[in-house]
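Below are some notes for a colleague who has the sequence and the structure to hand. They take up a loop residue, then a pocket, and then a residue in a helix.

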Amino acid sequence: MANSKLDLTKLKPQTRLVLAAREFSQHGTIPPPVYHASTYLFSTLADYYAPNKQYSYARRGTPTSRALESAIAMLEGGHASKVGPSGLAAIASVLLAFLKSGDHLLMTDSAYNPSRYLCDTMIARMGIETTYYDPLAGAAIEALVRPNTRMIYCESPGSQTLEVQDIPALADVARKRGLLLATDNTWSGGYYFNAFAHGADISIHAATKYIGGHADMMLGAVTCNEKTWPQFKEGFETLGQFAGPDDMANALRGLRTLDVRLTRHMQNALKVAEWLQGRPEVSEVIYPALPGSRGHSLWKRDFTGASGLMSIVLKPASREQVARMLDDMRIFGIGESWGGFESLVVPFKPHRTATHWPADGPCLRFHIGLENCDDLIDDLHDGFKRFNAA
């Protein structure tokens with residue numbers, strides 16, 4: 001049973017992950033029960049009409065969702081959180097909760113492609129204009145601010161190309177010009193980067209990835225500071241966003257091991273990145289925790305660790321060479337997602353409109369999983385043999 005006198009804020013991060021939301025446990029169990037429910041019954045009409053009742057309808061919250069949301073808010077150091085059915089749903093709920101027709105959005109040019117599609121289609125049809133900005137702009141982004149600009153949206157490190165943004169510099173501009181600053185914090189798991197301590201108002205996660213950690217559920221999470229919470233909560237609930245109870249329970253379970261998993265992801269990723277750096281076929285390894293990699297100085301200043309996601313740029317090569325390399329990988333699967341226990345690889349071509357991607361060679365994004373690192377390197381070594389085969 002949880003100790004009601006325990007103050008989690010006085011404990012180390014690893015301990016907080018283990019004990020978070022323990023107050024939702026019942027009957028001496030360690031994990032909170034999973035509530036499969038839609039309807040709450042009330043003993044009296046007075047109870048039904050009570051203005052401050054804890055639960056009213058499951059879409060607005062259950063003990064399962066409240067347990068996970070309190071744990072994620074604790075993880076991120078924010079005021080409060082909401083969880084929805086996917087990372088993209090979380091992104092959409094933020095944009096729709098705060099933007100209206102006539103508003104202007106500044107969106108990083110390195111954004112997750114579905115975020116770009118959302119801005120270029122549905123958001124545009126609503127009369128909201130998006131300007132894509134150089135993810136390395138920092139304080140220079142102020143030149144793009146208009147009288148109707150409402151939000152700066154970041155993703156750090158950026159999707160696929162992993163640019164580390166100067167969030168404190170962007171936060172200074174946002175405060176000065178009365179803007180909201182939202183950031184996608186999925187890469188760090190919310191554990192290695194404190195978005196709120198660096199000036200963000202809103203932190204967004206594809207909790208499908210590191211928070212879940214086991215490639216078996218879909219979930220998105222949004223954490224707000226006190227200023228933005230009321231409007232976001234109202235917008236989120238108006239949109240009918242909610243996640244299934246089993247996915248929420250899996251995410252809460254995954255949260256318990258976030259520290260040990262990310263530690264192993266980082267250890268493996270650094271070894272693989274160093275090995276890839278020595279390959280003659282590779283022109284660049286993009287992994288912010290790797291000394292000499294793009295973004296390393298900002299990563300070292302602002303982050304306390306790194307995850308398992310990295311990218312490489314190959315020297316000019318044919319599609320057939322890349323296919324020979326990837327088709328017969330034994331351990332690395334070809335797959336879009338990441339953040340689970342398994343290693344993955346996928347080719348990509350950066351989509352840019354505000355900046356120019358200068359590399360000529362093919363790009364590969366790797367998620368380095370929890371396998372033995374020597375086995376991963378052996379798999380890559382054999383892949384490059386096939387890549388170079390005549």
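1. Ser293 sits in the loop that runs between strand S8 (282-286) and helix H10 (296-302); please bear in mind, here and below, that this is a predicted model. Because its relative accessibility is 8%, and buried means under 20%, Ser293 counts as buried.

2. The surroundings of Ser293 deserve a look alongside that value. A polar atom of the Ser293 side chain lies 3.4 Å from the backbone oxygen of Val285, and, with neighbours within four places in sequence left aside, Ser293 is in contact with Val285, Ile286, Tyr287 and Pro288.

3. The largest pocket has a volume of about 460 Å³. It is lined by 27 residues, of which Tyr112, Ser159, Lys209, Trp338 and Arg365 are the closest to its centre. Helix H4 (87-98), helix H5 (113-125) and strand S6 (202-205) are the elements that give two or more residues to this lining, and the largest share, three residues, comes from H4.

4. Arg386 belongs to helix H12 (residues 373-388). What is the nearest side chain of opposite charge to Arg386, and how far away is it? That side chain is Asp328, at 4.4 Å, and Arg386, although buried, has no salt bridge; the cut-off for a salt bridge is a side-chain nitrogen of Lys or Arg within 4 Å of a carboxyl oxygen of Asp or Glu.

Notes
Residues are numbered from 1 along each chain as its sequence is written. This is a predicted model: local features need pLDDT of at least 70, side-chain atom pairs count only at pLDDT 80 or more; totals for chains, interfaces and linings use all residues. Side-chain values use heavy atoms; hydrogens and water are left out. Helices (H or I, at least four residues) and strands (E, at least two) are DSSP runs, numbered from the N terminus. Buried means under 20% relative accessible area, exposed over 50%, partly exposed in between (1.4 Å probe, protein chains only). Lys and Arg count as positive and Asp and Glu as negative; His and the chain ends are not counted. A polar contact is a pair of N or O atoms within 3.5 Å; within protein, one must be able to donate a hydrogen and the other to accept it, and residues adjacent in sequence count only if both atoms are side-chain atoms. Contact means heavy atoms within 4.5 Å. On a 1 Å grid over the protein atoms alone, a cavity is a set of points where a 1.4 Å probe fits but cannot get out, and a pocket is an open set with protein on both sides within 12 Å along at least five of seven lines; lining residues have an atom within 4 Å of a point. Grid points are joined across faces, edges and corners, and a volume is the space filled by probe spheres set on the points.
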